[in-house]
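I opened my notebook beside the model and jotted down what I looked up, in the order I got to it. Come along if you like.

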Amino acid sequence: MIAALVLKRLGLGLLTLLVVSLLIFFAVELLPGDLAQAVLGQAATEETVAAMREQLGLDRPAPARYLDWLGGVLTGDLGTSLLSGERVSTAISQRLLNTLFLASYAAIIAVPFAVILGVFVALYRNSIFDRVANVATLVSISSPEFFLGYVLILFLSVKTGAFPAIATLRGDMSLIDLLYRTFLPALTLVLVVTAHMMRMTRAAIINLLASPYIEMARLKGMPPWKVIVKHALPNAWAPIINVIALNLAYLVTGVVLVEVVFVYPGIGQLLVDAVAKRDFPVVQACCLIFAATFILLNLAADIGSILTNPRLRHPK
Amino acid sequence: MAARDEVLLTIENLRIEGLSGEDWTEIVHGVDLTLHKGEVMGLIGESGAGKSTIGLAAMGFARDGCRISGGRVTFDGIDLTAAAPAELRGLRGTRIAYVAQSAAASFNPAHKIIDQHTETPVHYGIEDRETARKDAMELYAQLRLPNPEEIGFRYPHQVSGGQLQRAMTAMAMACRPDLIIFDEPTTALDVTTQIEVLAAIRDIVDQFNTAAIYITHDLAVVAQMADTIKVLLKGTEVEEAPTEQMLSNPAEDYTKSLWAVRSFERPIKQRPTDTEPLLSIKGIDAAYGPVKVLDDVSFDIHPGMTVAVVGESGSGKSTTARCVTGLLPPTKGEIWMDGAALPARYQDRSRDQLRQAQMIYQMADTALNPKVRISEIIGRPARFYSGLKGADLTRRVDELLELIELEPDAYRDRLPGELSGGQKQRIGIARALAAEPRFIICDEVTSALDQLVAEGILRLLGRLQDELGLAYMFITHDLATVRAIADEVVVMQHGRVVEQGPKDDMFRPPHHSYTDLLLSSVPEMDPNWLTELLKARSAAGASEAATI
């Protein structure tokens with residue numbers, strides 16, 4: 001039953017991706033100007049611009065170009081960068097790996113930290129600890145991430161010199177070295193995403209505390225931590241998992257500012273550069289990857305919700 | 001079942017406060033209670049009497065928003081009101097256990113039944129997991145659960161309500177406690193299932209000589225279970241006496257009034273031979289998606305008559321009502337009113353057709369919009385169907401309020417939240433009457449109400465029927481209600497009509513075997529009723545039929 005559901009969701013996900021690809025393509029079309037104008041500048045004559053368009057194939061009608069592009073994507077060919085002439089897949093792959101590395105790094109710290117913290121604040125709800133944790137995470141989520149980044153650089157790099165302020169990567173670095181060099185951007189991201197997940201964990205658990213089975217657990221003599229961890233948490237996963245998925249998606253797609261602050265060569269920077277230069281194939285490929293990330297993570301969240309629901313896992 | 005000499009639990013001058021808004025108000029006003037080892041005491045009373053609150057206080061527990069503000073609860077020499085939280089936890093589940101009203105809601109949906117059973121003994125190191133599991137299976141067998149070796153490994157949603165309630169009793173027994181609090185353990189069950197659970201609880205309490213506090217609002221049930229009965233009213237004790245004496249010779253007026261409710265009965269009306277049926281259900285089938293829930297249901301309702309539709313949950317009573325109102329178009333068959341077929345969907349019916357059939361719901365709490373004033377709740381149908389407005393509308397609203405015996409000036413401008421349960425149900429009735437219908441569907445309208453309040457509603461419905469010539473389709477699972485008000489009875493099971501006819505015929509043998517099962521399962525006030533019934537059933541070999 002679950003397999004059928006997953007297949008159905010995957011199919012729907014692909015359909016969504018198709019619609020998104022349409023939106024991306026025509027939204028990019030709406031951007032004023034194109035590569036020919038961007039490269040040749042204000043002074044270019046109509047003729048030179050037209051000649052370059054013809055050379056790049058930009059003079060063909062948009063639907064035809066969309067179909068070409070879509071056909072390429074379906075056969076695994078993302079096209080070539082208009083700017084560098086490089087294959088888009090080559091241009092993107094290293095950047096994407098960097099972004100995924102940073103996202104995983106942040107997620108591996110943030111998700112367990114947020115959920116455990118959420119359990120603790122639910123256990124000691126309305127105590128000083130609860131309030132301090134809530135205020136601290138709210139402050140971190142309310143501050144812009146570039147600000148957080150600079151604050152961390154100021155204290156952990158400039159003043160103490162504990163961590164490097166710029167996260168430059170080289171191919172021959174060891175994993176330890178990589179983790180050390182990217183610690184500050186990862187920490188910034190952890191601070192940004194923790195609050196959301198922690199507060200949802202807390203709310204989802206507290207929401208269940210009025211349930212008769214929680215009262216039953218208390219009347220069976222279970223200590224408070226066991227009531228929370230064993231009786232409330234297993235029933236609270238669905239909303240928590242959804243918020244985790246949302247934050248993971250953010251870690252992949254929303255980290256441009258952090259990348260800029262730490263000069264980190266991720267996909268977000270690539271996208272911003274490509275938009276500025278009207279390098280449409282790269283823009284489209286990046287957007288498509290972002291959309292696929294969202295769809296896949298939401299699918300994973302749905303499957304996770306099902307797997308944690310005994311009613312769906314063990315039908316009558 | 002005789003009371004033993006040694007005192008197990010004493011409650012002295014217990015006072016409990018509840019938080020209402022900002023203030024603490026006292027809800028239990030100095031109750032005393034003494035329970036001996038192995039004794040079963042029944043606590044009865046209407047809602048708001050403080051039964052559950054007192055039961056929980058016997059475990060040293062107060063719900064959120066409640067606190068024990070005075071008095072002393074002493075369990076086996078330990079003062080529970082002064083005990084530290086850890087000490088209280090050590091007693092709960094091991095020496096004092098709790099069985100909740102709804103086992104379906106009180107079992108954690110995320111864990112297997114047996115894991116919840118073994119949790120307490122394993123946590124407190126009384127037994128290791130294996131021993132505790134074996135013991136659980138033995139208890140399941142003693143409580144006559146099917147497949148005792150296997151049933152514990154299911155999740156709560158995979159087990160029926162009656163079985164879950166027995167599994168919860170087994171769970172309470174896990175550490176062989178000295179005292180079990182049973183908080184309305186059979187209220188949510190059908191009568192036929194209730195019998196099995198009652199018998200199982202009684203046997204096991206007897207066998208382990210466990211003392212129990214049995215909380216219920218059902219006198220006949222408590223008569224089967226308790227050695228002594230304590231009657232409570234609004235947080236104070238009315239009286240306490242041994243069961244036999246309490247049943248045969250109650251001392252207080254309030255107790256007598258509780259007893260008297262059970263004998264309320266309206267004179268039966270004969271179906272007029274010359275009239276056409278007002279409503280005629282002709283061979284309808286209905287389904288929710290692929291699941292067929294009604295199978296060839298047919299019956300007639302004549303003007304001014306009350307037809308009770310009875311059956312257990314899932315028998316298709318409410319679905320039939322949904323078909324009649326057009327909320328659920330039948331897949332086969334027709335519904336006729338006044339000699340003409342009604343369109344299947346309510347969207348296709350004329351305003352006059354809609355007006356003729358009105359509905360009153362079980363949960364008046366959720367059936368009334370909490371943000372709308374009474375005058376508007378009643379006024380809207382009057383405006384919609386009769387086009388009244390201005391002074392005429394106000395006059396009509398007042399008239400309807402008087403009809404349901406509520407003072408118009410005092411109630412017109414209130415919100416539903418400012419009314420009691422019985423008053424809300426009266427507003428539900430007035431709203432139905434506002435359309436000036438000839439036919440009203442009453443869907444379990446008294447199930448959520450206390451007996452005295454329910455009786456008031458039944459008397460009101462009876463009076464309205466006499467004055468306005470209304471016909472009722474009265475859906476209920478409660479045979480006492482049927483006995484009180486029905487003219488004709490339709491018995492349903494698994495989406496089919498198994499028997500129908502005038503009430504007197506239905507309550508007189510011979511009946512269909514299912515009707516017989518239903519009728520014989522209704523608890524009676526005789527304390528020996530359960531014992532006799534079980535004897536008779538096992539003698540007749542009918543016990544299989546009762547094992548649901």
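**Salt bridges, whole structure.** I started with a search over all chains, and 35 salt bridges came back. A reminder to myself: side chains of opposite charge can pair when their charged atoms come close. I keep in mind throughout that this is a predicted model.

**One pair within chain B.** I picked Asp135(B) and Arg176(B), which form a salt bridge with the closest N and O atoms 2.8 Å apart. Where do the two residues of this pair sit in the chain? I found Asp135(B) in helix H5 (residues 129-142) of chain B. Arg176(B) is in the loop between H6 and strand S7 (179-183) of chain B. The partners are 41 residues apart, and the pair links distant parts of the chain.

**Between the chains.** Next I turned to chain B and chain A, and counted three salt bridges between them. One that I noted is Lys230(A) with Glu119(B), whose closest N and O atoms are 3.5 Å apart. How much area do the two chains bury between them? I have about 2500 Å² written down, with 57% of it on carbon and sulfur atoms. To this contact chain B gives 27 residues and chain A gives 22 residues.

**H6 and H7 of chain B.** Then I went to helix packing. Helix H6 (residues 161-173) of chain B packs with helix H7 (residues 191-207) of chain B at about 15°, their axes being 9 Å apart. Because of that angle, I logged H6(B) as roughly parallel to H7(B). The two helices make a right-handed crossing. On the H6(B) side I listed Gly162(B), Gln165(B), Arg166(B), Thr169(B) and Met173(B). From H7(B), the contact residues include Glu196(B), Ala200(B) and Ile204(B). By type, the contact has six nonpolar, four polar and two charged residues.

**H17 and H18 of chain B.** My last entry is on helix H17 (residues 421-434) of chain B and helix H18 (residues 451-468) of chain B, which pack at an angle of about 20° with axes 10 Å apart. I could therefore write H17(B) down as roughly parallel to H18(B). Which hand does the crossing of H17(B) and H18(B) have? I noted it as right-handed. H17(B) brings Gly422(B), Gln425(B), Arg426(B), Ile429(B) and Leu433(B) to the contact. Among the residues on the H18(B) side are Val453(B), Gly456(B), Leu460(B), Leu464(B) and Leu468(B). Here the tally is eight nonpolar, three polar and one charged.

Note on methods:
Residues numbered from 1 in each chain as written. Chains lettered and ligands numbered in written order. Predicted model: local features only at pLDDT ≥ 70, side-chain atom pairs only at ≥ 80, totals over all residues. Heavy atoms only, no water. Axes fitted to C-alpha atoms, helices over the stretch in contact; angles between N-to-C directions. Helix = DSSP H or I, 4+ residues; strand = E, 2+ residues; numbered from the N terminus. Parallel < 35°, antiparallel > 145°, perpendicular 65-115°, else oblique. Left-handed = near helix turned anticlockwise from the far one by under 90°. Contact = heavy atoms within 4.5 Å. Nonpolar A, V, L, I, M, F, W, Y, C, P; charged D, E, K, R; others polar. Buried area = accessible area lost by both parts, 1.4 Å probe. Salt bridge = Lys/Arg side-chain N within 4 Å of Asp/Glu carboxyl O.
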